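The following exercises are to be worked with the sequence and the structure at hand. Each task is followed by a solution in steps.

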Amino acid sequence: MSEYYIIFIRSISSFILLLIITRLIGKQTLSNMNSHDFVTAIILGAIAANIAFNEKIVLSHLVISLGVFTVTSWLLSLLSLKGRNVERWLFGKPSVVVDGGVLLQENMKKNKLTLDSLNEMLREKEIFDIAEVEYALLENSGKLSVLRKKEYRHLNLHLLNAEKAYPPKPINVPVELIKEGKFIYEHLHEANIKTEMIEKAVQKKGRVLTDVFYAVRGTDGKMYFDFYQDQLDRPKDM
């Protein structure tokens, strides 16, 4: 059999294997890579390349290695769903680098983030003056999430209503209260919110705490809930 034909077959097989693996790992990995996903992608890419071009290595060994790394990545993703602490241990947690318009230098040092790098990331979001920033969060993926100061935000109906109110309504940073059915106690403490307050808010909606999948205090200071059973007539995924 021609060596060119063999390389063609191996390359096609490698491509198909990678497509299958990306479907198994999930869409979130593709759109928002953390350090674990980045390492996995490099390793799987290297193994796939060897499957396609390196005839000196036994093909079955490469396929086994590819399978091991795929299963390991998949299991780690499943473990991250078991609880917030497990997810943080595996993938780390976002870091606040600007809070109340103040640079948090210690957090920047921990993440090896220089002022030049921070300013570059802000310019990518069309922010050329760091004085416009109220709150900035460095995500696990390395991306920067930014909340502008009130006077620099794009006007929308919510902000317009807040401005018209007397006294003016405060615009807060959103705070996660419940994630995957579990209280985030450190956030509750920082926001001075009691679990009893959340329970009463849930009861007003005719639900109980065990029904809550996700809860957040929005920028308007109100609590928003997502429940395990949202009583949808049909799935929205096409």
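**Exercise 1.** Which residue in β8 is the bridge partner of V216?

*Solution.* The model under study is a predicted one.
Step 1. Locate the strands: β7 covers residues 212-217 and is joined to β8 by five bridges, the two strands running antiparallel.
Step 2. Read off the partner: V216 is bridged to Y224 in β8.
Step 3. Recall the general principle: strands of a sheet pair through backbone hydrogen bonds, in either a parallel or an antiparallel manner.

**Exercise 2.** Classify the aromatic pair of F183 and Y185, and then that of F225 and F227.

*Solution.* 
Step 1. The count of aromatic pairs in the model is three. In the pair of F183 and Y185, the ring centres are 5.7 Å apart and the planes make an angle of 45°, and the pair is tilted.
Step 2. The rings of F225 and F227 have their centres 6.2 Å apart and their planes at 25°. Planes under 30 degrees apart count as stacked, and the pair of F225 and F227 is therefore stacked.
Step 3. Consider accessibility. F183 is partly exposed, at a relative accessible area of 23%, whereas Y185 is exposed, at 56%. F225 and F227 are both buried.
Step 4. Examine the surroundings of F227: R207 lies over the face of this ring, at 4.3 Å from the ring centre.

**Exercise 3.** Is L19 buried, partly exposed or exposed, and of which surface patch is L19 a part?

*Solution.* 
Step 1. L19 belongs to helix α1 (residues 3-25).
Step 2. The relative accessibility of L19 is 46%.
Step 3. L19 contributes to a nonpolar surface patch of about 780 Å². The patch is made by Y5, F8, I9, I12, F15, I16, L19 and I20.

**Exercise 4.** Describe the backbone phi and the location of K112 and of N192.

*Solution.* 
Step 1. Begin with the expectation: most residues other than glycine have a negative phi.
Step 2. K112 is not a glycine, yet its phi is positive, near 55°. N192 likewise has a positive phi, of about 55°, although N192 is not a glycine.
Step 3. Locate the two residues. K112 is in the loop between α6 (105-110) and α7 (115-124). N192 is in the loop between α9 (185-191) and α10 (195-204).
Step 4. The threshold for an exposed residue is over 50% relative accessible area. K112, at 69%, is therefore exposed, and N192, at 59%, counts as exposed.

Note on methods. Residues are numbered from 1 along each chain as its sequence is written. This is a predicted model: local features need pLDDT of at least 70, side-chain atom pairs count only at pLDDT 80 or more; totals for chains, interfaces and linings use all residues. Side-chain values use heavy atoms; hydrogens and water are left out. Patches are made of residues with over 30% relative accessible area and no salt bridge: like charges are joined within 9 Å, nonpolar side chains (Val, Leu, Ile, Met, Phe, Trp, Tyr) within 5 Å. Accessible areas come from the Shrake-Rupley method with a 1.4 Å probe; for residues, only the protein chains shown count as cover. A salt bridge is a side-chain nitrogen of Lys or Arg within 4 Å of a carboxyl oxygen of Asp or Glu. Helices (H or I, at least four residues) and strands (E, at least two) are DSSP runs, numbered from the N terminus. Buried means under 20% relative accessible area, exposed over 50%, partly exposed in between (1.4 Å probe, protein chains only). Rings of Phe, Tyr and Trp (its six-membered ring) pair if their centres lie within 6.5 Å; planes under 30 degrees apart count as stacked, over 60 as edge-to-face and the rest as tilted. A charge sits over a ring if NZ of Lys or CZ of Arg is within 6 Å of the ring centre and within 35 degrees of the ring normal. Two strands pair if DSSP finds at least two bridges between them.
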